[in-house]
Amino acid sequence: MEKGTLYLVATPIGNLEDITFRALKVLQEVDIVLAEDTRKTLKLLNHFEISKKLISFYRHNEGVKIDYVLSLLNDGKNLAVVSDAGTPGISDPGEDLVKACIENEINIVPIPGSVAFIQGLICSGFDTTRFVFEGFLPMNKRGRKEKLLSLKDETRTIIFYEAPHKLRYTLDDLKEYFGGERRIVLARELTKIHEEFLRFSIDEAINYYETNDIKGEFVILVEGKKISSEKIISEESIESLMKKYLNSGLDKKDAMKQVAKDKGITKSEVYKKLLK
Ligand code: SAM
């Protein structure tokens, strides 16, 4: 018997109009939908007049349900995984099931749609070419400390998910490890009526929330650490600086003079280092 296919179907993160034609088609055609919260998914399906068998599939039962889900797929059933909002497997159930499907040679198909952090990133004004998505910070103090310490010198844009009731506490932690001056964007209520992008330094964000209530869902985007051009020069080797200046058209003498200036050493020291 031919095995079924597992579809990972993205659903809207707030605005129902963000569902795709393809997502609706797949949800209509599969045999069963695995839903993180069956009540929420039922509402979504009802809205689009889709009637489908639902099975609950959430973080804490993902492990125990996998064998059952695999048996359905092995029996030729086509299944869709949906989370409460956004893309399954992104800070949501799906990852372990995907691994199990790969081991069992079951076809997996992504059905693209919204991911909250991508919407936040593209409107952040920070570097969108190089970024790290960290999802939720660990709950315990030690785990958070280790994670934030490992990120404090990160030069790429850093992205976190956070629950509203922990935002204030997380801002304090960000201040401790990244410093109060670091720029952040709080992307709030994305795709919803009250969508906004709050652009702050970490200190300003902390002040703001002394007098404003924290409401809605947030993606936290932290600008990567800026490295000053002096630091780059101080870390760049004498050889590579020399090459750079020669390539830019300076003659040997002037290039050596410039390298000596950048490095804060004498021309003869540059010469000796190059001879070595
Ligand atoms: N799978 C989802 C995705 O693709 O983005 C993420 C699910 S994760 C359990 C929920 C977190 O995503 C929230 O705590 C928040 O940080 C972020 N999030 C989800 N929807 C959002 C929205 N509309 N606006 C801002 N952040 C949102």
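Which residue in β10 is the bridge partner of R188?

What we have here is a predicted model, in which local features need pLDDT of at least 70 and side-chain atom pairs count only at pLDDT 80 or more, while totals for chains, interfaces and linings use all residues. Residues are numbered from 1 along each chain as its sequence is written, and side-chain values use heavy atoms, with hydrogens and water left out.

Let me begin with the sheet. Strands of a sheet pair through backbone hydrogen bonds, either parallel or antiparallel. In this model there is an open sheet of 5 strands, with mixed pairing and the order β6-β7-β10-β8-β9. When I say strand or helix, I mean a DSSP run, E with at least two residues for strands, H or I with at least four for helices, numbered from the N terminus; and two strands count as paired if DSSP finds at least two bridges between them. The edge strands are β6 and β9, the latter covering 196–201, and each of them pairs on one side only. From one strand to the next, the twist averages 20°; for such angles, axes are lines fitted to C-alpha atoms, for helices over the stretch in contact, and the angle runs from 0 to 180 degrees between N-to-C directions.

Now for the opening question. Strand β8, residues 183–188, and strand β10, residues 218–222, pair in the antiparallel sense over 5 bridges, and the partner of R188 in β10 is F218. Helix α7 packs on this sheet, where it touches β7 (157–162), β8 and β10, and its direction makes about 5° with that of β10. Helix α8, residues 202–211, also packs on the sheet, touching β8, β9 and β10, with a direction at about 120° to that of β9. Touching, or contact, means heavy atoms within 4.5 Å.

Staying with the sheet, let us look at one residue in strand β7, namely T157. Is T157 buried or exposed? T157 counts as buried because its relative accessibility is 1%, where buried means under 20% relative accessible area, exposed over 50%, and partly exposed in between, with a 1.4 Å probe and protein chains only. If we leave out residues up to four places away in sequence, T157 touches L121, F126, D127, R130, F131, V132, V222 and G224.

E189 counts as buried at 13% relative accessibility, and T191 counts as buried at 19%.

I turn next to charged side chains. Side chains of opposite charge can pair when their charged atoms come close. How many salt bridges does the structure hold? There are 18, a salt bridge being a side-chain nitrogen of Lys or Arg within 4 Å of a carboxyl oxygen of Asp or Glu.

One of them joins K40 and D84 at 3.7 Å, N to O. This pair links distant parts of the chain, with K40 in helix α2 (residues 38–47) and D84 in the loop between β4 (79–82) and α4 (95–103), 44 residues apart. K40 is partly exposed at 45%, and D84 is partly exposed at 30%.

Another joins K147 and E134 at 2.9 Å, N to O. K147 lies in helix α6 (residues 141–151) and E134 in strand β6 (residues 131–136), so this pair ties together parts that are 13 residues apart in sequence.

In a further salt bridge, D173 meets R144 at 2.8 Å, N to O. Because D173 lies in helix α7 (residues 167–178) and R144 in helix α6, the pair ties together parts that are 29 residues apart in sequence. Both D173 and R144 are buried.
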